[in-house]
Amino acid sequence: MKSLTSNFAKLTLPFKHPLVLIGFAIMLLFPVYDFMLEQGLMSPLALDQGHAAGQSISASGFWLGLLLVILGIARQYYTLHAAAKETDLGIEQRPVTDSARISDIVQTLLPDHHQDLQARDEQIKALTEAVAAFSTGHGIDASRSELDAALDALAQGDTALARDLFIKAAQNPMLQVEETAQAYRNLGALVYFDNPEEALQAYRHATQLEPGNAESWNQLGHLSRRAGYLNDAIQAYNTVLALGEQQADQQVIACSYGNLGLVYQLLGDLYFATDFFIKALNLHAALGHMEGMANQYDNLGNVYLIRGDLNQAMEYYRSSLRLDEELGHNLGMAQDYHNLGVV
């Protein structure tokens with residue numbers, strides 16, 4: 001019974017095309033018009049003056065309606081045939097990209113070395129979201145075959161096609177403001193390492209479109225710090241802090257503290273840097289976020305190394321190493337061993 005219903009639905013699908021419906025409406029309208037003329041339901045004046053024209057319209061109207069029905073059915077059958085052909089070729093029905101493949105692509109796009117582990121973690125998150133967009137196709141005006149081609153290229157480290165699709169999405173006037181901002185964030189994440197200036201502009205657009213999005217401001221802060229625009233970085237991170245406080249999001253607040261500490265360290269203000277790192281450490285500890293704690297221990301070790309307090313620096317590096325070992329965080333352990341070697 002279910003199969004019969006499904007087959008019947010497929011057979012009737014061509015008759016649901018708008019052209020078919022309009023054609024049927026026209027074909028029904030003019031017989032009604034003829035009937036009104038024959039029954040004398042129209043005024044004699046209208047009948048005398050418009051009878052010949054009415055007959056002509058009625059006859060041509062029927063054929064116009066029939067033509068529209070035929071065109072609609074033909075169009076719908078063509079669409080269904082094309083969809084079936086793509087299914088046979090494995091285009092439309094290609095399985096959605098799984099999380100393992102997305103993770104592999106992200107690792108391909110990341111550089112081998114990244115000194116700031118917190119920024120790396122945040123970039124992994126942003127890149128994962130950008131790559132996943134090609135799996136769902138949400139907010140991207142492209143066919144399934146184009147989306148899959150972009151994913152295949154990304155798997156080889158080629159970002160050109162994906163970049164073009166994100167730019168096209170960001171310039172699409174039909175998207176909602178939030179979707180346009182997401183397209184700019186995805187673009188920024190994609191070109192973050194290859195073209196930091198383009199990434200900076202992309203995140204700047206995202207903050208203008210969606211000023212309440214902490215992720216956009218955070219990435220803008222990273223890129224400003226990376227480019228040496230330290231005052232801009234402080235402003236961006238302070239915005240992240242304010243948004244975190246408004247939303248009572250302790251994780252966002254903790255990240256903003258850590259990032260502000262890094263900027264003040266670059267400025268040579270070790271007092272403020274230490275204060276921000278300790279605030280971040282305490283919040284991560286309260287949240288039970290061991291990876292965040294390890295990053296802040298590492299940051300504090302760097303500050304005390306600069307101060308020349310080698311014993312305190314070593315203690316912080318060892319605390320970071322213990323947490324990274326417990327987490328099985330190989331990249332963090334490698335950084336910890338390097339820092340201990342420097343001490």
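Which residues is threonine 159 in contact with, leaving aside its neighbours within four places in sequence? Hello everyone, let's take that one together. This is a predicted model, so please keep that in mind as we go. The answer is Leu109, Leu154, Leu190 and Asp194. Threonine 159 itself sits in the loop that joins helix 6, residues 144-155, to helix 7, residues 160-170. Its relative accessibility is 13%, and because buried means under 20%, threonine 159 counts as buried.

As a reminder, an α-helix has 3.6 residues a turn, so residues three or four places apart point the same way.

Now to the core. The largest nonpolar core has 43 residues, and those touching the most other members are Leu109, Val131, Phe134, Ile140, Leu154 and Phe166. Helix 5 gives this core its largest share, six residues. Have a look at phenylalanine 134 too: beyond its neighbours within four places in sequence, its contacts include Ile140, Arg144, Leu147, Leu154 and Phe166.

One last stop, friends. Apart from that core lies another, of 29 residues, with Leu241, Val263, Phe277 and Met293 among them.

Note on methods
Residues numbered from 1 in each chain as written. Predicted model: local features only at pLDDT ≥ 70, side-chain atom pairs only at ≥ 80, totals over all residues. Heavy atoms only, no water. Helix = DSSP H or I, 4+ residues; strand = E, 2+ residues; numbered from the N terminus. Buried < 20%, exposed > 50% of the residue type's maximum accessible area, 1.4 Å probe, protein only. Contact = heavy atoms within 4.5 Å. Core = buried A, V, L, I, M, F, W, Y, C linked by side-chain atoms within 4.5 Å.
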